[in-house]
Amino acid sequence: MPQCEMCGADEASLTTTKVEGAELELCSSCTDFGTEVRDESTGSGGSKYSTSSSTGKSSGSSSGSSGGSSGSSGSSGGSTRPRDMFDDMDEIATDYDDQIRNARESRDLSQEELADQLNEKASLIRKLERGDTLPTDEVQRKLESALDISLVEGESVDDADWDSGDAGTMTLGDVVKRKD
């Protein structure tokens, strides 16, 4: 019998639910913590998942839709699931400070010269190279353009382990420590 990935309860059927950017197989009690995701049986091009947040509308027949945000969600491609803040987030590389310093030094630029080129303060460049602060999106774009580097981290080995599809017997309850 499958287990809920959040509470560990044994349930006959689990529902795929998106919680904080992660898709989990949850029992009926835990599905309230996220947005239900269901597998589309028709291969209509865009995303392989759609949510049921628009009151259970399936791809063809809709008995009384209560106002979805997209009027035509058929063959035009595009996902019907609501956008979430994790969709557009890029992870900054863990060694961003070394990348900035090495790229600046390879171009024989001082911190002050780079700051002038980016129209930023030299103290910001010093903080970035020490790893004291993360670059804002705007500063990140300026640095990537000026130094011809990428500060975005790709998928790591740890991320690939999560995507293996083998849930095993581990649940969130095994990982999280409760403060009772």
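Arg104, Glu105 and Glu129 are linked in a network of salt bridges, a salt bridge being a side-chain nitrogen of Lys or Arg within 4 Å of a carboxyl oxygen of Asp or Glu. This is a predicted model, where local features need pLDDT of at least 70 and side-chain atom pairs count only at pLDDT 80 or more, while totals for chains, interfaces and linings use all residues. Residues are numbered from 1 along each chain as its sequence is written, and side-chain values use heavy atoms, with hydrogens and water left out.

Arg104 counts as buried at 9% relative accessibility, whereas Glu105 is partly exposed at 42%. Here buried means under 20% relative accessible area, exposed means over 50%, and partly exposed is in between, with a 1.4 Å probe and protein chains only.

By the salt-bridge rule the count comes to seven. One of them joins Asp98 to Arg101, with 3.0 Å between the closest N and O atoms. Asp98 and Arg101 are three residues apart in helix H1, so about one helical turn separates them. Helices are DSSP runs of H or I, at least four residues, and strands are runs of E, at least two, numbered from the N terminus. Both partners are partly exposed, Asp98 at 35% and Arg101 at 25%.

Another bridge is between the side chains of Arg126 and Glu112, at 3.3 Å, N to O. Arg126 lies in helix H3 and Glu112 in helix H2, so this pair ties together parts that are 14 residues apart in sequence. Arg126 has a relative accessible area of 32%, and Glu112 has 41%.

Next, helix H2. Which of its residues are buried? They are Gln111, Leu114, Ala115 and Leu118. These residues cover an arc of only 100° around the axis, which puts them on the same side of H2; the arc is that of the directions from the helix axis to the C-beta atoms. Their cover includes H1, H3 and H4. Just after H2, Asn119 takes a positive phi of about 60°.

Leu114, in H2, has a relative accessible area of 0%. Leaving aside neighbours within four places in sequence, Leu114 is in contact, meaning heavy atoms within 4.5 Å, with Arg104, Leu109, Ile125, Leu143 and Leu147. The C-alpha atoms of Leu114 and Arg104 are 7.3 Å apart, with the two residues ten apart in sequence.

Now the cores. A nonpolar core is a set of buried Ala, Val, Leu, Ile, Met, Phe, Trp, Tyr and Cys residues joined through side-chain atoms within 4.5 Å. The largest has 15 residues, of which Ile100, Leu114, Leu128, Leu143, Leu147, Ile149 and Leu151 touch the most other members. Two or more residues come from each of helices H1 (96–106), H2 (111–118), H3 (122–130) and H4 (137–147). Beyond its neighbours within four places in sequence, Ile149 contacts Gln99, Ile100, Ala103, Leu143 and Glu144. Apart from this core lies another, of seven residues, among them Cys4, Met6, Val19 and Cys27.

Last, the surface. Met170, Leu172, Val175 and Val176 form a nonpolar patch with about 370 Å² of accessible area together. Patches are made of residues with over 30% relative accessible area and no salt bridge, like charges being joined within 9 Å and nonpolar side chains (Val, Leu, Ile, Met, Phe, Trp, Tyr) within 5 Å. Accessible areas come from the Shrake-Rupley method with a 1.4 Å probe, and for residues only the protein chains shown count as cover. Val175 lies in helix H6, residues 172–175, and is exposed at 53%.
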